[in-house]
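Trainee: May I ask for a close look at a single part of this structure, the open sheet and what surrounds it?

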Amino acid sequence: MRHLSVPSKKTASVREYLTTQGWLAEGYGIQSIGDNRAIPLNDKAPQSIKKYKQITLSPLSPPPKHWTERLDLELFTEYKEYWPMSHDQIGDIIILKLPSEIIDFGNTIGEAILQQFPNMRVVCADKGVTGKFRVRDLQILSSRNKQTTETIVRENGNEMIVNPSVAYYSPRLANERLLTVESAKKLKNRLGRPLDVCDPYAGVGPSLVTLLSEKGLTNKIYGSDLNPAAVPILKQNIGNHWAECRDARDLSKEHPQCADLLLVNLPHESINHLSKLIGLLKKNQETVIRGWAIIDNESIDTTKQKLEKILDEYIINDITISPSKSYSPKESYASFEISLTIN
Ligand SMILES: C[S@@+](CC[C@H](N)C(=O)[O-])C[C@H]1O[C@@H](n2cnc3c(N)ncnc32)[C@H](O)[C@@H]1O
């Protein structure tokens with residue numbers, strides 16, 4: 001294929017000129033030849049363009065747009081309707097759901113994906129979230145070096161360690177964590193001092209990491225989780241703050257009245273556990289509970305009444321329930337925020 005050889009400094013401007021003239025061979029790469037760059041030309045390009053030399057080179061084909069283009073064509077065609085077109089990314093791990101029809105090609109799929117994404121280290125098949133710790137059952141399909149699902153994620157500008165096959169972590173909740181920071185800032189302003197925060201379902205601590213990144217927002221931090229595998233990671237993520245493996249429902253015996261702000265993130269059980277968590281809140285001042293729950297689409301009002309009933313001994317200043325996304329056809333994932341005073 002004909003290429004126009006130009007000094008590397010001129011590459012961008014000449015490429016633009018060729019595009020406007022309709023002479024650039026679209027979809028082929030620019031190649032380095034010493035200090036020059038060779039820009040691919042199409043059949044319409046004249047034999048002489050400005051003062052630049054034309055040379056003949058094998059074209060540099062563009063990389064495949066999708067990893068499935070790296071599969072053997074026969075294999076790809078036979079299972080055409082089953083190849084997953086989307087995936088999740090957590091740190092340097094790619095996670096995808098494989099239909100049973102193609103599960104036997106797991107390693108081939110993993111290799112193709114690693115070739116496609118040079119910065120990724122591990123490819124895993126996601127077999128769903130299991131057990132009371134809400135951990136993903138991940139099967140490593142292929143990895144560049146370490147066969148581990150521990151990785152570092154960057155979220156809202158903060159880095160933290162996660163390991164989705166041993167402890168719950170969802171990047172989809174990153175925005176909820178920012179909303180928690182907004183609530184915390186307002187409470188801090190109302191109380192006129194940094195907050196003591198308790199997160200008894202902390203997992204690996206993404207909410208606490210986000211709160212801690214705001215200078216002057218927090219004072220004491222209490223983070224715990226019942227999953228023993230989450231706690232060593234939580235400890236690393238929140239530094240010298242208190243972090244232990246505990247059942248949230250027992251924590252108020254150990255740390256009574258420790259929190260201005262209490263986080264309750266066990267969506268299937270948050271509301272049922274609530275009465276056991278009240279002892280964690282400070283008395284004779286405003287406190288805030290920020291929680292998450294799966295609620296019936298029709299039942300925002302009944303959920304509010306349920307919360308009012310659980311808290312009827314205390315002064316409820318405000319309750320807000322905000323459904324944020326659909327969980328199932330009939331249910332939503334919602335956050336609730338309660339401002340409470342316990343005398
Ligand atoms: C939905 S995850 C939330 C984790 C974390 N807050 C986050 O946003 O990534 C719920 C967490 O609660 C923990 N858990 C389940 N039952 C618990 C209990 N009774 N006491 C404390 N933690 C519990 C699970 O291990 C899991 O890490």
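Mentor: Strands β2 and β3 (residues 36–40) run antiparallel and are joined by 3 bridges. Within this pairing, Gln31 stands opposite Ala38 of β3. Please bear in mind that the model is predicted.

The pair belongs to an open sheet of 4 strands, arranged in the order β2-β3-β1-β4 with antiparallel pairing. In this order, β2 (31–33) and β4 (53–56) stand at the edges; each has a single partner strand, so one side of each is left without a neighbour in the sheet. From one strand to the next, the twist averages 40°.

Helix α3 (residues 106–116) has as its buried residues Ile109, Gly110, Ala112, Ile113 and Leu114. In general, an α-helix has 3.6 residues a turn, so residues three or four places apart point the same way. The buried residues of α3 pack against β6 (93–96), β7 (122–130) and β8 (135–143).

Finally, consider the ligand. It is surrounded by 22 residues, of which the closest are Tyr201, Gly203, Leu226, Asn227 and Ala248. The shell around the ligand divides into 13 nonpolar, 4 polar and 5 charged residues. Domain 2 (67–149) and domain 3 (170–341) each supply at least three residues to this shell.

Key:
Residues are numbered from 1 along each chain as its sequence is written. This is a predicted model: local features need pLDDT of at least 70, side-chain atom pairs count only at pLDDT 80 or more; totals for chains, interfaces and linings use all residues. A residue is buried if 20 or more other C-beta atoms lie within 10 Å of its own, exposed if 12 or fewer, and partly exposed in between; C-beta atoms are placed from the backbone. Helices (H or I, at least four residues) and strands (E, at least two) are DSSP runs, numbered from the N terminus. Two residues are in contact if their C-beta atoms, placed from the backbone, lie within 7 Å. A residue is near a molecule or strand if its C-beta atom, placed from the backbone, lies within 6 Å of it. Ala, Val, Leu, Ile, Met, Phe, Trp, Tyr, Cys and Pro count as nonpolar, Asp, Glu, Lys and Arg as charged, and the others, Gly among them, as polar. Domain bounds come from an automatic or database domain assignment. Two strands pair if DSSP finds at least two bridges between them. Axes are lines fitted to C-alpha atoms, for helices over the stretch in contact, and angles run from 0 to 180 degrees between N-to-C directions.
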